[in-house]
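Dear colleague,

Please find the structure below. My notes on what was found in it follow.

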Amino acid sequence: MRVATPRTAIIGAGISGLTAGKMLSDYGVDYTCFESSDRIGGNWAFGNPNGHSSAYRSLHIDTSKHQLSFRDFPMPEDYPDFPHHTQIKQYLDDYADAFGLLDNIEFENGITHARRLDGGGWELQTQSGTTRPFDLLVVANGHHWDPRYPDFPGEFAGITMHAHHYIDPRTPHDFSGKRILVVGLGNSAADIAVELSSKALDNELTLSTRSGAWIVPKYFAGQPADKYYRMSPHIPSSWQRKFMQVMQPLTAGHPEDYGLPTPNHKFFEAHPTQSVELPLRLGSGDITAKPNIDRFDGDTVYFEDGSSRDFDIIIYATGYNITFPFFDRDFLSAPDNRIDLYKRMFAPGIDDAVFIGFAQATPTLFPFVECQTRLLGAYAVGQYRLPPEDEMRRVIDDDTHFYTGHMLDRPRHTQQLDHYLYEHNMRTKEIPQGRERAQRRGPQRWANVAESAAHDDVLQEAR
């Protein structure tokens, strides 16, 4: 017996929204994708008019193409190991063209408000001013577009900005002949610090870090280093982390070797930083490392080691907030980037919304969202069913401890997980068990608000 499929809405046409749309099409599910911009790509659409791209002009992705490709759409062989952002955008354009995804996208018509109805289903308000009914909502608006700023005592008299708004050494400010402080030690902080520390720009570049970071090389034994990375589900993950903690200093040295502060954590207890050039710039004296900021006083920044320096510009590379601007805050939000989702996809008690892409997946997001959307497709056509709410909450607690229990308690790490362990669990356990639940209890029943609304419109016209 064929199960009636839900009329489905996807919020966002970035990596997660495109992959969700492709998988829903594979399962024969009707959907509409609402995109606030005039183009696809989200974070990888450099200069995105909706302001949701954090790409800077020189950005190359930190994950090699070997780990990055979708299973059913490999990256071109002529791409370099670490593609430029323009090549990632072209890859997504080609992906959308290959699977006919553009026909289902409404551009410049994002969702301004999403209201869940009492009997289930959704009422969505769009940029164009229309109200649209849907049975199933796929939330894929991304989590690298709402800049997170730290709060330090005092007032800084110079220019402050977030790395989200950095474009190049001339945009949005003239970054030459300046005293510049970059705050943070993630991949963006490393890239921007390296770029602005070039002697050709005549800058004084200082890098401030609260927790420190372990620096990992992009190449090992002549190959992209992440080609050797694969967590095994058959060996305790704590043993594997211990092995990597022993090997890390042998392959890349200690951060102190480059003049960085000693990390306040072991390797893989926080997200590592991938950079070839940062150690060289530190070792060459082009970048000076400092600990966390203590306070501001005019142009002067005081650090926790008691030292101080004067600066013209501060660039905060301090991460992003997980934000759902279309939901009422008392309905669903993510304070301090904490949101309890079953398998990082379902909020208990809300069975007609699916969240895609809300994780800091190691080694990369692309195959992670592809894995999630396989469950999404099965769920939409009745081949997967969720467990009871109490079981969902128990698994959320267990998964949180498993994936993040060993990591620093920071907003950046609340959504951390290992893709290989996650994918193995989904493929061998969660999806098969969900299929058995659907066979025992029947498929998910949708509110069919879209059909009801269409019926009401017909009756209204008849009157």
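Helices (H or I, at least four residues) and strands (E, at least two) are DSSP runs, numbered from the N terminus. On that basis, the protein contains 10 helices and 24 strands. Its radius of gyration, taken over C-alpha atoms, is 23 Å, close to the 23 Å from the globule rule (2.2 Å times the number of residues to the power 0.38) for 463 residues, so the protein is as compact as a globular protein of that length.

Please note that this is a predicted model: local features need pLDDT of at least 70, side-chain atom pairs count only at pLDDT 80 or more, and totals for chains, interfaces and linings use all residues. Residues are numbered from 1 along each chain as its sequence is written, and side-chain values use heavy atoms, with hydrogens and water left out.

Of the 463 residues, 54% are buried, meaning under 20% relative accessible area (1.4 Å probe, protein chains only). Taking contact as heavy atoms within 4.5 Å, 69% of the contacts between residues at least 6 apart in sequence join residues at least 24 apart. Along the principal axes, the C-alpha atoms fill a box of roughly 75 × 50 × 45 Å.

Helix α9 (residues 419-441) may be of interest to you. This helix bends by about 45° at Met-426, the bend being the angle between axes fitted to the seven residues ending there and the seven starting there. Met-426 is itself buried, and the buried residues of α9 also include His-419, Tyr-420, Glu-430 and Arg-437. The buried residues of α9 pack against several elements, among them α5 (237-252), α7 (366-380) and α8 (389-404).

Yours sincerely

Definitions and conventions
Buried < 20%, exposed > 50% of the residue type's maximum accessible area, 1.4 Å probe, protein only.
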